[in-house]
Amino acid sequence: MSERLQPGDTAPAFTLPDADGNEVSLAGHLGRKVIVYFYPAALTPGCTKQACDFTDNLEVFSGAGYDVIGISPDKPEKLGKFREAEDLKVTLLSDPEKKVLEAYGAFGEKKLYGKTVTGVIRSTVIVDEQGKVEHALYNVKATGHVAKLLRDLKVETA
């Protein structure tokens, strides 16, 4: 079971391929706040809802100084299909070895339909401009999570 991050921790560095196979690193976002969210699987109902909510609010987050990155164990090809099928604008990264998921505490034991299973723990980590963890939220709900983030981060919506 991976350790969960706490506010003030240094966010684990990562470089992962996006839906087009281009390398994207956390270091490339220094100077801006980054919302890094972890989701189990592209093209599933909950993950689609969450990705669409982030896409719908991307300009609002961006205007408030936040970049948004979604990470799942899916291969880049599947992420590309996901992006095309749902017209997603958020950056989607592929972590098939689950190294980044584990580093962020977003992979491990969780309850699924009353059973304990090992898998991706739907999580969101807010990283500040210096690469430190500002907020670490675990076991978040797919539906309503983006609206709650907007409220909690006091991001003004139009």
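Modeller: Buried here means under 20% relative accessible area, and keep in mind that this is a predicted model.

Biologist: Okay, what makes tyrosine 39 count as buried?

Modeller: Its relative accessibility is 1%. The cut-off is under 20%, so tyrosine 39 counts as buried.

Biologist: And phenylalanine 82, buried or exposed?

Modeller: Phenylalanine 82 has a relative accessible area of 0%. Buried asks for under 20%, so phenylalanine 82 is buried too.

Biologist: Now the rings. How many aromatic pairs are there?

Modeller: Ring centres have to lie within 6.5 Å to pair, and by that rule the count is seven. One of them joins phenylalanine 38 and tyrosine 104.

Biologist: Why is the pair of phenylalanine 38 and tyrosine 104 called tilted?

Modeller: Their centres are 5.2 Å apart and their planes make 40 degrees. Stacked needs under 30 degrees and edge-to-face over 60, so what falls in between is tilted.

Biologist: Why do you say this pair ties parts of the chain together?

Modeller: Phenylalanine 38 sits in strand S3, whereas tyrosine 104 is in the loop between helix H4 and strand S6, so the pair ties together parts that are 66 residues apart in sequence. Both residues are buried.

Biologist: How do you know that tyrosine 39 and phenylalanine 82 pair, and what kind of pair is it?

Modeller: They are 6.1 Å centre to centre, with 45 degrees between the planes. The limits are 6.5 Å for pairing and 30 and 60 degrees for the kind of pair, so this is a tilted pair. Tyrosine 39 comes from the loop between S3 and helix H1, and phenylalanine 82 from helix H3, 43 residues apart. Both belong to one aromatic cluster, along with Tyr37, Phe54, Phe61 and Tyr66.

Biologist: Over to helix H5. Which of its residues are buried?

Modeller: His145, Val146, Leu149 and Leu150 are buried in H5, which spans residues 145–152.

Biologist: Why do you say they line one face of the helix?

Modeller: Looking down the axis of H5, the buried residues fall within an arc of 140 degrees, so they line one face. They pack against S3, H1, helix H2, strand S8 and strand S9.

Biologist: Last one, the largest pocket. How do its lining residues divide?

Modeller: Six are nonpolar, one is polar and four are charged. Lys110, Lys111, Arg122 and Lys141 are in the lining, and Lys and Arg count as charged. Strand S6 gives the largest share of the lining, three residues, and the pocket's volume is about 340 Å³.

Definitions and conventions:
Residues are numbered from 1 along each chain as its sequence is written. This is a predicted model: local features need pLDDT of at least 70, side-chain atom pairs count only at pLDDT 80 or more; totals for chains, interfaces and linings use all residues. Side-chain values use heavy atoms; hydrogens and water are left out. Rings of Phe, Tyr and Trp (its six-membered ring) pair if their centres lie within 6.5 Å; planes under 30 degrees apart count as stacked, over 60 as edge-to-face and the rest as tilted. Helices (H or I, at least four residues) and strands (E, at least two) are DSSP runs, numbered from the N terminus. Buried means under 20% relative accessible area, exposed over 50%, partly exposed in between (1.4 Å probe, protein chains only). The arc is that of the directions from the helix axis to the C-beta atoms. Contact means heavy atoms within 4.5 Å. On a 1 Å grid over the protein atoms alone, a cavity is a set of points where a 1.4 Å probe fits but cannot get out, and a pocket is an open set with protein on both sides within 12 Å along at least five of seven lines; lining residues have an atom within 4 Å of a point. Grid points are joined across faces, edges and corners, and a volume is the space filled by probe spheres set on the points.
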